[in-house]
Amino acid sequence: MGDAVSRDSYTPKQRTQYRNYLLDELEVFDKHLQKAEFVDHGTIGLELELNLVDENAAPAGCNDAVLAELSDEYQAEVGRYNVEVNHPPLSMEGDGLTRLHNGLNERLHNVQEAATAAGARMAMIGTLPTVTTEFLKSPEWMTKENRYAALTNSVMQARGELVDIDIAREERYRESFEDIATESTCTSMQLHLQVAPDRFADAWNASQAIAGVQVALGANSPLFLGHRVWHESRIPIFQQSMDTRTAELVNQGVRPRVWFGERWITSVFDLFEENVRYFSPLIPEGRAEAGKPIMDGNSPGLHYLNLQNGTIWRWNRPIYDPSTELSHIRVENRILPAGPTTIDIIADAAFYYGMVKFLGEQTRPVWSRLTFTDATNNFFAGARDGLGARVVWPTLGRIDVSNLVLNHLLDQARLGLEMLEVDENLIDKYLGVIEGRAWRRQNGASWQLDALVSTGAGTKPGSPERQDALARVLEAYLENQKTSAPVHTWSTDI
């Protein structure tokens, strides 16, 4: 959904034409994969979604004013209080992680300056704790662009009912919405890894295998609309917000559009074929209306296939990118929330890239010994319980996720980064952050929950006292964020 669209609704004729073109492009993609040469540089990239808040720490719907001051590396998101930063691809070898760190800091500084000029502040956090139900039920939450109006209209038309949100852990939140407003609370960090087509399956399977560990380590979204819920509440909230299924379709086993998947794969084609086989078109925008070429140089543009892929939100999404020179394929790892600090983000990236490299090079890969069901359960356990989660791992059985990281996976991530020829001092620096987080069992989610307790506001969700406490937590979070110290070193006494 990164591209503009021409309208906010579509006719049955347009949907039928789109489906026919989609089937044709799937065949074109199959032939292209078999015959064409692809880029194989192994570059990495990053997208980061941010929140804008006002002087009271409430969401500030001013992304249009902020983006007016920025280049095209910055984009709108569905919420008027969100913006997205895009970091260009680079190589990991040598000082690549430092260049990514510095580049991200520079771009965040640009956003903060633009936000200040618009009377707002930047908050890098998975879910903004001060968002309220009332705000999301007002017309003020959504960015006024056709692509977002089309998205919410299409989801609601396909569903035919209100969006039901139901999430519980320490507290329970239940409410119905007339649009996809709750999706805007899910601000993420997305890691990109470019791979050759014949290596994609290994990279994707490895990404799926470690998803539960990733989300447990990086959880940063425990306060949803004032309620203490899953440590990474983005996972269930995003799925519920974008679900086009009624309860009956869920009971029939229809697949959700926000999807972990159901099997290990042997080719990137498996995922695009699933996209066409299992999911009806959501935004049937024609190629000509979108202004997309049939060919991009020597590569097929595949407008229909790519737009369909953009409306199926896999937690590890395949990306086909045409080019005037050579096409490329990449994994888009969408699991992690934004924040808490830049060093935390780069540490999460280092752990992910190191693990994918190590696991992808094994002659007996982990996914040959880990059932997909266990990988799925690990993912949701990590999202629910964060660093307190227990996961299943081959030869180890069920194990505390912190112990798994400290005693097993950190060494593997290190070996993977060494294979990628990352400078040794950078491996020590960034994996040291992951080690400290797992050792202290403090990530963004646990810090927020403990900080809320330290306010002494033992109040009910939705009360003025709870809302004041949430604002205090966010203010302390933002002050800590300014220090650039990793979250495991933050004091919870606010």
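Glu 421 is found in the loop between α15 (401–419) and α16 (424–440); helices (H or I, at least four residues) and strands (E, at least two) are DSSP runs, numbered from the N terminus. The structure is a predicted model, in which local features need pLDDT of at least 70 and side-chain atom pairs count only at pLDDT 80 or more, while totals for chains, interfaces and linings use all residues. Residues are numbered from 1 along each chain as its sequence is written, and side-chain values use heavy atoms, with hydrogens and water left out.

Phi of Glu 421 is near 65°, a positive value in a residue other than glycine. With a relative accessibility of 53%, Glu 421 counts as exposed; the classes are buried (under 20% relative accessible area), exposed (over 50%) and partly exposed (in between), for a 1.4 Å probe and protein chains only. A positive phi of about 65° is also assigned to Ser 484, which is not a glycine. Ser 484 lies in the segment after α18 and, at 44% relative accessibility, is partly exposed. A further backbone feature is the cis peptide bond that joins Gly 339 and Pro 340, with omega about 0°. Pro 340 is placed in the loop between β15 (328–337) and α13.

The largest nonpolar core has 163 residues, of which Phe 29, Leu 48, Leu 50, Leu 136, Phe 200 and Phe 351 touch the most other members. Such a core is a set of buried Ala, Val, Leu, Ile, Met, Phe, Trp, Tyr and Cys residues joined through side-chain atoms within 4.5 Å. Helix α13 (residues 342–360) supplies the largest share of this core, 13 residues. Leaving out residues up to four places away in sequence, Leu 50 touches Tyr 81, Asn 82, Val 83, Val 85, Leu 108, Val 111, Met 122, Ala 123, Met 124 and Thr 187; contact means heavy atoms within 4.5 Å.

Helix α13 also packs with helix α6 (residues 197–209), at an angle of about 120° and with the axes 9 Å apart. The axes are lines fitted to C-alpha atoms, for helices over the stretch in contact, and angles run from 0 to 180 degrees between N-to-C directions. The angle makes α6 oblique to α13, because angles under 35 degrees count as roughly parallel, over 145 as roughly antiparallel, 65 to 115 as roughly perpendicular and the rest as oblique. On the α6 side, Arg 199, Asp 202, Ala 203, Ala 206 and Ser 207 meet Tyr 352, Val 356, Leu 359 and Gly 360 in α13. The residues of this contact between α6 and α13 divide into five nonpolar, two polar and two charged; Ala, Val, Leu, Ile, Met, Phe, Trp, Tyr, Cys and Pro count as nonpolar, Asp, Glu, Lys and Arg as charged, and the others, Gly among them, as polar.

Apart from its neighbours within four places in sequence, His 87 is in contact with Gly 45, Leu 46, Arg 99, Leu 100, Gly 103, Leu 104 and Arg 107. In helix α8 (residues 234–241), seven of the eight residues are buried, so α8 is largely enclosed by the rest of the structure. By contrast, Gly 462, in the loop between α17 (444–454) and α18 (464–483), is exposed, with a relative accessible area of 67%.
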